[in-house]
Each structure stands twice: as structure tokens, then as C-alpha cells.
Amino acid sequence: MKIVYRTDGIFFYSEDDEILAEVTFPAINENTVDINHTYVSEKMRGQGIADQLLTMVTDYLRQNHLKAHLSCSYAQKWFSEHPEALPLKAK
């Protein structure tokens, strides 16, 4: 599996370049992104991949001094279950 970081998302690709999982977070402004979509393909579900993606996003936010608006329902749920990530949530 190949992991690709972009300024607007993190993507997991198979060896044949099929998207297996992704989380997208386009910029709202220079300090804030919108976590607006989380996807895990059926063949990858049940393995904690979405949790890994959100953990990777929070690491990215910390490293880049960003906050996140949460329009993705999975991201909203994940942040509510991870109080250590709440300081990264935009007000």
C-alpha cells in the first residue's frame, strides 16, 4: 500500500493505484481546513483504517499549526472520542 500526502488530503493507494482509503481536508483559509470526507473501500473496512487516517490528519494539523472544521460525520465522531485532538478543532 502506498500513502500519499497532499495539502488537501491523505490517500492510501493499492499497488495498482486504486484508492483504498482517503480523507480530504481542503483549506478554508490560511489557518483552517475542512475535514469534509473520509472514505475506506469495502475491502479495507474493519481494519481501523479510518482511525489511522484521522490520526495522520491530526499529526499533519499539529505540524502545520492548523485548525480543522469538521463537516465529515466520521471526523465529528472521531474527534468526540479523542479529547486530545479537540484543541485542533476550529471554533
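Reader: Which strands does α1 lie across?
Author: α1 lies across β1, β2, β3 and β6, and runs at about 140 degrees to β2. Helices (H or I, at least four residues) and strands (E, at least two) are DSSP runs, numbered from the N terminus, while axes are lines fitted to C-alpha atoms, for helices over the stretch in contact (heavy atoms within 4.5 Å), with angles running from 0 to 180 degrees between N-to-C directions.
Reader: What should I know about where this comes from?
Author: This is a predicted model, in which local features need pLDDT of at least 70 and side-chain atom pairs count only at pLDDT 80 or more, whereas totals for chains, interfaces and linings use all residues. Residues are numbered from 1 along each chain as its sequence is written, and side-chain values use heavy atoms, with hydrogens and water left out.
Reader: In what order do β1, β2, β3 and β6 come in the sheet?
Author: They form an open sheet of 4 strands in the order β1-β2-β3-β6, with antiparallel pairing; two strands pair if DSSP finds at least two bridges between them. The edge strands are β1 (2-6) and β6 (37-40), each pairing on one side only.
Reader: And β2, is it buried or exposed?
Author: β2 is mostly covered, with 5 of its 5 residues buried, where buried means under 20% relative accessible area, exposed over 50% and partly exposed in between (1.4 Å probe, protein chains only). G9, F11 and Y13 are on one side of β2, and I10 and F12 are on the other.
Reader: Which residues touch the most others in the largest nonpolar core?
Author: They are I10, F12, V23, F25, I35 and F79, in a core of 27 residues. Such a core is a set of buried Ala, Val, Leu, Ile, Met, Phe, Trp, Tyr and Cys residues joined through side-chain atoms within 4.5 Å. The largest share of this core, 8 residues, comes from α1.
Reader: Changing topic, why do β4 and β7 each have a side without a neighbour in their sheet?
Author: That open sheet has 3 strands in the order β4-β5-β7, with mixed pairing. β4 (27-29) and β7 stand at the edges and have a single partner strand each, so one side of each is left without a neighbour in the sheet. β5 and β7 pair in the parallel sense over 4 bridges.
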